[in-house]
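Trainee: I have just opened this model and would like to find my way around. Could we go through it together?

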Amino acid sequence: MTERKVAVVTGASSGIGRASARALAARGYDVVCAARRLDRVQELAREIDGRAVQCDVTNVDDVKNLAAQAGSRVDVLVANAGGAFGAEPVATANLDDWRRMYDVNVIGTAATIQAFLPALEAAHGVIITIGSTAGIVSYEGGAGYCGSKHAVRALMGALRLELFDKPVRVCEIDPGMVKSDEFALVRFGGDADKAAAVYQGVEAPLTQDDIADAVAYIAELPEHVNIDQMVVRPRAQAAQHKVHRTS
């Protein structure tokens with residue numbers, strides 16, 4: 001019996017992370033499901049015949065333990081853990097929210113990649129970060145989140161140059177409007193009305209499964225094929241500021 005390839009997905013307790021774990025498991029991967037909420041990733045791991053590890057990517061010891069649990073060879077790392085907190089303008093922004101976003105979106109991503117590089121190199125693996133179109137174009141009320149996602153994009157660009165002679169692919173997916181189960185709700189502090197307003201009138205925003213399909217597509221490409229950046233938007237979203245909404 002052939003040993004399954006190993007995929008690690010951070011932030012796997014909900015949204016794009018959970019969907020990505022399911023998509024990779026459906027393609028035969030042994031998926032290590034990592035998140036702060038252990039009960040959720042344990043349930044997911046049972047569902048997909050994977051492994052659950054509690055991990056807060058802002059905690060160095062947690063990240064080291066995750067790498068140790070995954071093993072010496074990792075074929076796919078989906079660095080998905082992250083989030084947006086608040087949508088205030090710069091003048092009134094809560095800077096503690098900004099620190100939280102930089103800590104998880106940027107430092108957490110960098111720490112995770114650092115911990116897994118030896119195992120990825122051993123397997124000729126691929127790093128897939130989940131960025132955002134917010135890392136390409138800024139918008140009002142998004143300075144903190146946009147700044148953190150711009151930083152992730154810079155991180156990946158530098159990493160790709162630094163690993164140019166290593167057998168590791170460095171790939172970035174930048175989703176536009178995705179109606180996932182928690183993203184907007186978390187951003188607006190649990191305010192369901194504000195979260196729903198983000199997608200109001202948009203007939204078909206992206207789903208978390210759409211992005212998971214993109215993750216699986218990149219993961220399955222031959223190792224000489226690198227997707228530097230994949231921007232994925234719903235057809236209704238021509239740009240950050242131009243979205244078709246029905247009345």
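Predicted model: local features only at pLDDT ≥ 70, side-chain atom pairs only at ≥ 80, totals over all residues.

Trainee: Is Gly-83 buried or exposed?

Mentor: Gly-83 is buried, because its relative accessible area is 9% and the cut-off for buried is under 20%.

Trainee: Which residues is Gly-83 in contact with, leaving aside its neighbours within four places in sequence?

Mentor: With those neighbours set aside, Gly-83 is in contact with Met-101, Val-104, Asn-105 and Tyr-145.

Trainee: And Tyr-102, how far apart in space are Gly-83 and that residue, C-alpha to C-alpha?

Mentor: The C-alpha atoms of Gly-83 and Tyr-102 are 9.5 Å apart, and the two residues are 19 apart in sequence.

Trainee: Let me move to Ser-148. Where is its place?

Mentor: Ser-148 belongs to helix α5. Its relative accessibility is 0%, so Ser-148 counts as buried.

Trainee: What is Ser-148 in contact with, beyond its neighbours within four places in sequence?

Mentor: Ser-148 is in contact with Met-101, Tyr-102, Asn-105 and Val-106. Met-101 and Asn-105 are also among the contacts of Gly-83.

Trainee: Which residues lie nearest the centre of the largest cavity?

Mentor: Those nearest its centre are Phe-85, Gly-86, Trp-98, Met-101 and Gly-141, out of 14 residues that line the largest cavity. Two elements, α4 (95-123) and α5 (143-162), each give two or more residues to this lining. The most comes from α4, with three residues.

Trainee: How do the residues of that lining divide into nonpolar, polar and charged?

Mentor: The lining of the largest cavity has six nonpolar, five polar and three charged residues.

Trainee: What about the second largest cavity, which residues line it?

Mentor: Its lining consists of Ala-79, Asn-80, Ala-81, Gly-82, Asn-105, Thr-109, Thr-129, Ile-130, Lys-149 and Val-152. The elements that give two or more residues to this lining are α4, β5 (126-130) and α5. By class, the lining of the second largest cavity has four nonpolar, five polar and one charged residues. Asn-105, one of the lining residues here, is also in contact with Ser-148.

Trainee: I would also like to look at a pocket. What volume does the second largest pocket have?

Mentor: The second largest pocket has a volume of about 170 Å³. It is lined by 13 residues, and Lys-5, His-124, Arg-169, Ala-219 and Leu-221 lie nearest its centre. Six residues of the lining of this pocket are nonpolar, two are polar and five are charged.

Trainee: Back to single residues, please. Is Glu-140 buried or exposed?

Mentor: Glu-140 counts as exposed, because its relative accessibility is 75% and the cut-off for exposed is over 50%. Glu-140 is found in the loop between β5 and α5. Glu-140 and Pro-89 are 51 residues apart in sequence, and their C-alpha atoms are 6.4 Å apart in space.

Trainee: And where does Asp-191 lie?

Mentor: Asp-191 lies in the loop between α6 (183-187) and α7 (192-198). With a relative accessible area of 29%, Asp-191 is partly exposed. The C-alpha atoms of Asp-191 and Gly-142 are separated by 17 Å, and these residues are 49 apart along the chain.

Trainee: Let us finish with the whole chain. How many helices and strands are there?

Mentor: The chain has eight helices and nine strands. Along its principal axes, the C-alpha trace spans about 55 × 35 × 35 Å.

Trainee: What radius of gyration does the chain have, and what would a compact globule have?

Mentor: The chain has 17 Å, and this agrees with a compact globule of 247 residues, which would have a radius of gyration near 18 Å.

Trainee: How much of the chain do buried residues make up?

Mentor: Buried residues make up 49% of the 247 residues. The chain exposes about 12000 Å², with carbon and sulfur atoms supplying 50% of that area.

Trainee: And what share of the contacts between residues at least 6 apart in sequence join residues at least 24 apart?

Mentor: The share is 68% of those contacts in the chain.

Terms used: Residues numbered from 1 in each chain as written. Heavy atoms only, no water. 1 Å grid on protein atoms, 1.4 Å probe; cavity = no way out; pocket = protein on both sides within 12 Å on 5 of 7 lines; lining within 4 Å. Helix = DSSP H or I, 4+ residues; strand = E, 2+ residues; numbered from the N terminus. Nonpolar A, V, L, I, M, F, W, Y, C, P; charged D, E, K, R; others polar. Rg over C-alpha atoms; globule rule 2.2 N^0.38 Å. Buried < 20%, exposed > 50% of the residue type's maximum accessible area, 1.4 Å probe, protein only. Contact = heavy atoms within 4.5 Å. Areas by Shrake-Rupley, 256 points an atom, 1.4 Å probe, with all protein chains shown as cover. Points joined across faces, edges and corners; volume = space filled by probe spheres on them.
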